[in-house]
Amino acid sequence: MVQRKKSTKAATFPSHEFFIQNHGDIAVTAMALFFIGLVFQPTHEAASKILFLNYNISTENISIAEGVEHSYNYFVSGPLDWLNIMYYSVGCIVFHALIQEYVLDKAVKKSQLSKSKLSKFNESAHLVVFYVGSVCLLAYTCFLEKFPMKISFLWEDYPNIHHMLLVKLFFIIQISYWIHVFPEFYFQKIRREDIPQQATYASLYIVFLTAGYFLNFTRITMFIVALHYTCEALFHMARVAHIVENKPLTSAMFTVWGVVFVLCRLATIIVTFLVFWVGLVKSQLPAVDIKKGNFNTSTVRLACLSATVLLQMWLMWNFIQFQLKYFRDRQLGQKAAAAAAADLDFSSEETSPSGTQPNTPAHKRGNPKPKKAEPNGSVRQTRGKKTN
């Protein structure tokens, strides 16, 4: 995300620069129009479905945590959730613009970062805020719901079709955030060479979060997301430290991230295998039951397990490539520094305090070449006189 230079001249309407400079204000205006729609009777119902979470059901004595009964309002998933997702994606654009303008732009105002480093700094800073906020929301949800700390909870009582408000809101926000990444390519003027990598990660997030939510595998999805976001938050913190050239913190953060990354990949594979291959097999169905929201068939479970394991292997491969490139660049840097130090020592030794060059032969330091003596003791004249 390249920092935009603030011009004193206003962009003309309509133009690309006008929409880029004012996209935050335009998004806020669009969101406000739906709130205005609540006031009028003809548009009240449509605006309500877009603004507020759908499929609210009043339930009694639905046990979310084992042995603990609740009498709250719960939600289920459905197609109308996509209206909320699209609307909250606009909200993510507004939030992104606020963080960029009032926090990041002021933080790097006096820095001398290049465009490439500034783009990486903005990207990592935004993701650190999102990852940390998401993990905190998950922790608060688990505390509020009093989820038991046992592995069997991830597959018990499947399908998990009844969601608390925070659980449903969490998945809606997650999918919305990764959808909003695509218009941000235009608004933030992302370089073309950076778009494929960011689009790939955003697409993977959307696919896996959507599958976990609409297939009612919410518990295992939340567990994997917590692990992955913790690891990614550490990486982008280390990346920010590297960009601002804080070498001690960078080294420590990358070391911690490397250890946590490997542990998270192993934990994800093990837990996914236990859930889809061991736990859910006890209650599997011969066919999908869409009405009850039960997708616990051998085909679906095998597809989920394979996709998750392949994704972890791909992430691990990228991690190995990253580490090899890091060590290779480090060795090249050390060799270049050693060569530069050797050249500096050699140049300092060449020049003595008196201006002479001690390691150079006398006849190459400007002194005349000694004349060769004849056998009889006289000096042979080689210039201007021919000897017999």
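Reader: Thanks, so how many helices and strands does the chain come to?
Author: The secondary structure comes to ten helices and four strands, where helices (H or I, at least four residues) and strands (E, at least two) are DSSP runs numbered from the N terminus. This is a predicted model, in which local features need pLDDT of at least 70 and side-chain atom pairs count only at pLDDT 80 or more, while totals for chains, interfaces and linings use all residues. Residues are numbered from 1 along each chain as its sequence is written, and side-chain values use heavy atoms, with hydrogens and water left out.

Reader: And in which pattern do they follow along the sequence?
Author: Read along the sequence, the pattern is α-α-α-β-β-β-β-α-α-α-α-α-α-α.

Reader: What share of the chain is buried?
Author: Of the 388 residues in the chain, 38% are buried, with buried meaning under 20% relative accessible area, exposed over 50%, and partly exposed in between, for a 1.4 Å probe and protein chains only.

Reader: Ok, helices next: at what angle do helix 3 and helix 4 pack?
Author: Helix 3 (residues 41–51) and helix 4 (residues 81–107) pack at about 75°, and their axes are 7 Å apart. That makes helix 3 roughly perpendicular to helix 4, a word used for angles of 65 to 115 degrees, whereas those under 35 count as roughly parallel, those over 145 as roughly antiparallel, and the rest as oblique. The axes are lines fitted to C-alpha atoms, for helices over the stretch in contact, and the angles run from 0 to 180 degrees between N-to-C directions.

Reader: Which residues meet there?
Author: From helix 3 come Lys49, Ile50 and Leu51, which meet Leu83, Asn84, Tyr87 and Tyr88 of helix 4; contact here means heavy atoms within 4.5 Å.

Reader: Where does Tyr55 sit, then?
Author: Tyr55 is in the loop between helix 3 and strand 1 (56–58), and its phi is near 60°, a positive value in a residue other than glycine. Most residues other than glycine have a negative phi, and most peptide bonds are trans.

Reader: Is Tyr55 buried, exposed or partly exposed, and which residues is it in contact with?
Author: At 27% relative accessibility, Tyr55 counts as partly exposed. Leaving aside neighbours within four places in sequence, its contacts include Tyr74, Phe75, Val76 and Ser77, and the C-alpha atoms of Tyr55 and Ser77 are separated by 6.8 Å although the two are 22 residues apart along the chain.

Reader: Switching topic, which residues does a cis peptide bond join?
Author: A cis peptide bond joins Tyr158 and Pro159, with omega at about 5°, and Pro159 is found in the loop between helix 5 (115–145) and helix 6 (165–187). Asp157 lies in the loop between helix 5 and helix 6 too; Asp157 has a positive phi of about 60° although it is not a glycine, and with a relative accessible area of 55% it is exposed.
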